[in-house]
Amino acid sequence: MTKIVIIGGVAGGASAAARARRVSETAEIIMLERGEFVSFANCGLPYHISGEIESRDALLLQTPESFKSRFNVDVRVLNEVITIDRQAKQLTVRNLATNETYQESYDKLLLSPGASPIKPPLPGIDSHFVHSLRNIPDMDKVLSTLMLHKPKHATVVGGGFIGLEMVEALRHVGLKVSLLELADQVMGS
Ligand SMILES: Cc1cc2nc3c(=O)[nH]c(=O)nc-3n(C[C@H](O)[C@H](O)[C@H](O)COP(=O)(O)OP(=O)(O)OC[C@H]3O[C@@H](n4cnc5c(N)ncnc54)[C@H](O)[C@@H]3O)c2cc1C
């Protein structure tokens, strides 16, 4: 029986896990995700901030339990892969809930670790009032700042798709918004 291990459990990892199951009914499939959530709708994050998607749960497309029952995939959240030994086909994984590490073998390894927002090394970038938006915890932090501090103005840095969606979302909830973009036009590429 082939053992397939997938690192990362959002769009790429989750789609690969579902596809792997369709290709093989018998493979053992394990999906390791260091965050708390798998297969969530990143695209909806700005729209929950704006209130247009009312329910936070609507963003959570699958859970480890639903993955198990629907695709027979062993999904382990809060499990971070910290080393890959390609010779031995062996991973070291840290369970972030218990801080314990363990070894996991694989026949096939699929990397889908995604990306993270660029945070330029500017003074003040680590302030509580500076946010990025990539995942559910990021979104929760933005919402918490809006609720607790009731800001009147926000500045969005970056005029790509997500920046513009955030401009709209923040206008929707009544803030004045400035958008800063390095290039000479928004949505440049
Ligand atoms: C706000 C927002 C709006 C978007 N809107 C759209 C849209 O409208 N249309 C569209 O097509 N796309 C949109 N996107 C882009 C789309 O969401 C991304 O292309 C997609 O999430 C990429 O999926 P991924 O699985 O490659 O990476 P990610 O979503 O980054 O997932 C990778 C996962 O791997 C995990 N990981 C990384 N390293 C390890 C490790 N060592 N061990 C265990 N786990 C690890 C990370 O914790 C992460 O959860 C949007 C993105 C955002 C943030």
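Which domains does the domain assignment of the protein give? Hi everyone, the assignment gives domain 1, residues 3-111, and domain 2, residues 115-184, with bounds from an automatic or database domain assignment. Before going on: this is a predicted model, where local features need pLDDT of at least 70, side-chain atom pairs count only at pLDDT 80 or more, and totals for chains, interfaces and linings use all residues. Residues are numbered from 1 along each chain as its sequence is written.

The C-alpha centres of the two domains lie 27 Å apart. Eleven residues of domain 1 are in contact with 13 residues of domain 2, contact being C-beta atoms, placed from the backbone, within 7 Å.

Now the ligand. It is surrounded by 23 residues, the closest being G8, V10, G12, N42 and G114; the cut-off is a C-beta atom, placed from the backbone, within 6 Å of the molecule. Both domain 1 and domain 2 give residues to this shell, so the ligand lies between them. The largest share, three residues, comes from α1; helices (H or I, at least four residues) and strands (E, at least two) are DSSP runs, numbered from the N terminus. By class, the shell divides into twelve nonpolar, seven polar and four charged residues.

One last stop, just after α5: G174 takes a positive phi of about 95°. Thanks, everyone!

Terms used:
Ala, Val, Leu, Ile, Met, Phe, Trp, Tyr, Cys and Pro count as nonpolar, Asp, Glu, Lys and Arg as charged, and the others, Gly among them, as polar. Two residues are in contact if their C-beta atoms, placed from the backbone, lie within 7 Å.
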